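The structure is shown first.

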Amino acid sequence: MEDIKVKSYEVYSYWLKNVDENSKKELELYKGNDKEIIDRFYRDLEFGTGGMRGKIGTGSNRMNSYTVARATQGFADYLKQEKKDLSVVIAYDTRHKSPEFSEVASEVFAANGIKVYLFSEQTATPILSYAVRHLKADGGLVITASHNPKEYNGYKVYTSDGTQAVPKYAEIIINEVNKLDYFTDVKRMNFDEAVKSGMVTVLDDTVYNDYIQEIYGFIQTLNPKINKDLKFIYSPLHGTGYRPVMEILEKLGVNVIAEPSQAKPDPDFSTVSYPNPEDKGAFKLGIELAEKENADIICATDPDSDRIGVFEKSEKGYITFNGNEMGIMLSHFILTKLKEQKKLPQNGLIIKTIVSTDMIFPIAADFGVSVEQTLTGFKFIGERMEYYHCNGNKKYIFGFEESYGSLAGDHARDKDAVIAAALIAVMTSELKNKKMTLKKYLDTLYKKYGFFKESLLSYTFEGYEGVQKIKNIMSKMKKEPPVKISGIKLTESVDYNVGIEELPKSDVVELRYSGKIKLIARPSGTEPKIKFYIMVNSPDEKTADEIIKQAELTVGEFVN
């Protein structure tokens, strides 16, 4: 710990000598505050499953103009190894500093001779993925911290196929970044000069309109039957989703109402404690509006509009569905629609992450479709999509992950809550036509394919000490795992860090209990958390629920 303290203070002193006056004043506030200085300077921000993400502030372990500029210089150096006449696309969300950070990145790319296409307003992440492909750019960048609290911002890097940089590319970029000094090795061109010279082009609505039309075209291939009596409430949770989601739903003829106070961009996310569609509290205002309007469905997207949560009216009030349940229903619905129209490909493929529900296996088998698994992070799904797009021996249909992200169609290589909102509207409309609800639909799938239940437990450990705590828990999972859960014995332990089933190495441990339970642990790549995924399958719902409860107790005791 003493070595970390000494190193942190050395970096702190160096930054004090080199930063601008405002940043210097911020750092001087923490003189003598060991905990704060160590947390800000004990490391550089790392690329995880969602890129570089951290609290906004001055320091090497914070999101600021210096860390953004250095990361961009490293990304530029990586791109320049490949070819000349380069271009990138940059988008940003509604968070604090997002517009400023996008301009900083533009200045660095321009100074390195790389053409920049910059969105003129806050833009959903899936539109960036689409734009990289559509404009045939060499890379992309989104300034966003997705669903993190308001204190955070982040930096997502995309390769030329519109996929977030997977480890084999991210590691090269990181190596380039690590060669650089924050203050002496970064090139910058004044933003206004970059625009004037043509190195930065601020995009008009052409790319956005093409994206909306692409999604609309995909939905039309499913022969949608919109029920005009279906009432649909939508909230972007103060983020980027309002314009594209409302536009596609209205274009489809959906009777949609936006939650007014959350439709406005707000970097403080004032109406929610946590702008995350996985958090039921984020739906409070949406539910109030739904009750007033007697609405059938409520959907909310996270600030960069790549993930979506759903509530549905029931006799017990408004009930929600998790990412696994929505992934299952959307998969089955799309497969059914394709089969009805004789459009189901013989070599069809669904892709999921290893921590997402195994219920997709019997469903896919029923339709003669294969399933492939990837590590956690939608970028791995995007990578496999691109592989099959280029090789052609399998036809991608749908991909999903338990954390409320999915993608239908071939227009992008990242999860897309805009097309997900459209699919949910079509699915719930057609169910309403049959006098069915999402809940009834899900129950019919359980009865047909078995009761697959999942639970996610997440534990937060902040700062340097938290990092060490998470490492200790992961070590314990490998060396001293729980030998029984609900009386069911541990039969297999899988350490993905040694490389499993041709997947990249990853800090993930999977415990398997007699084919009935899976317990998977991994540190979050974007937040100071360790996550435990419990996956159970059982012939009846009651037994599945009981095993889940016992597994949750076991994990709680194990962590504490």
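Helix α10 (residues 242-251) packs against α15 at an angle of about 35 degrees, and their axes lie 9 Å apart. The model is a predicted one.

**Helix pair α10 and α15**
- The crossing of α10 over α15 is right-handed.
- On the α10 side the contact is made by P244, V245, I248 and L249, which meet V418, A421, A422 and A425 of α15.
- By residue class, this contact of α10 with α15 holds eight nonpolar residues, no polar and no charged ones.

**Nonpolar cores**
- The largest nonpolar core consists of 76 residues, and F119, F232, M329 and M427 have the most contacts inside it.
- Helix α15 (residues 417-433) supplies the largest share of this core, with twelve residues.
- Not counting residues up to four places away in sequence, M427 touches M326, M329, L330, F333, L438 and Y441.
- Another core lies apart from that one and has 36 residues, including V68, Y78, L141 and A165.

**R95**
- R95 sits in the loop between β3 (87-92) and α5 (98-111).
- With a relative accessible area of 2%, R95 counts as buried, because the cut-off is under 20%.
- The R95 side chain reaches the backbone oxygen of P149 at 2.9 Å.
- Leaving aside neighbours within four places in sequence, R95 is in contact with A145, S146, H147, N148, P149, K150, Y152, N153, P267, F269, P275 and P303.

How values were computed. Residues are numbered from 1 along each chain as its sequence is written. This is a predicted model: local features need pLDDT of at least 70, side-chain atom pairs count only at pLDDT 80 or more; totals for chains, interfaces and linings use all residues. Side-chain values use heavy atoms; hydrogens and water are left out. A nonpolar core is a set of buried Ala, Val, Leu, Ile, Met, Phe, Trp, Tyr and Cys residues joined through side-chain atoms within 4.5 Å. Buried means under 20% relative accessible area, exposed over 50%, partly exposed in between (1.4 Å probe, protein chains only). Helices (H or I, at least four residues) and strands (E, at least two) are DSSP runs, numbered from the N terminus. Contact means heavy atoms within 4.5 Å. Axes are lines fitted to C-alpha atoms, for helices over the stretch in contact, and angles run from 0 to 180 degrees between N-to-C directions. A crossing is left-handed if the near helix is turned anticlockwise from the far one by less than a right angle, and right-handed if clockwise. Ala, Val, Leu, Ile, Met, Phe, Trp, Tyr, Cys and Pro count as nonpolar, Asp, Glu, Lys and Arg as charged, and the others, Gly among them, as polar. A polar contact is a pair of N or O atoms within 3.5 Å; within protein, one must be able to donate a hydrogen and the other to accept it, and residues adjacent in sequence count only if both atoms are side-chain atoms.
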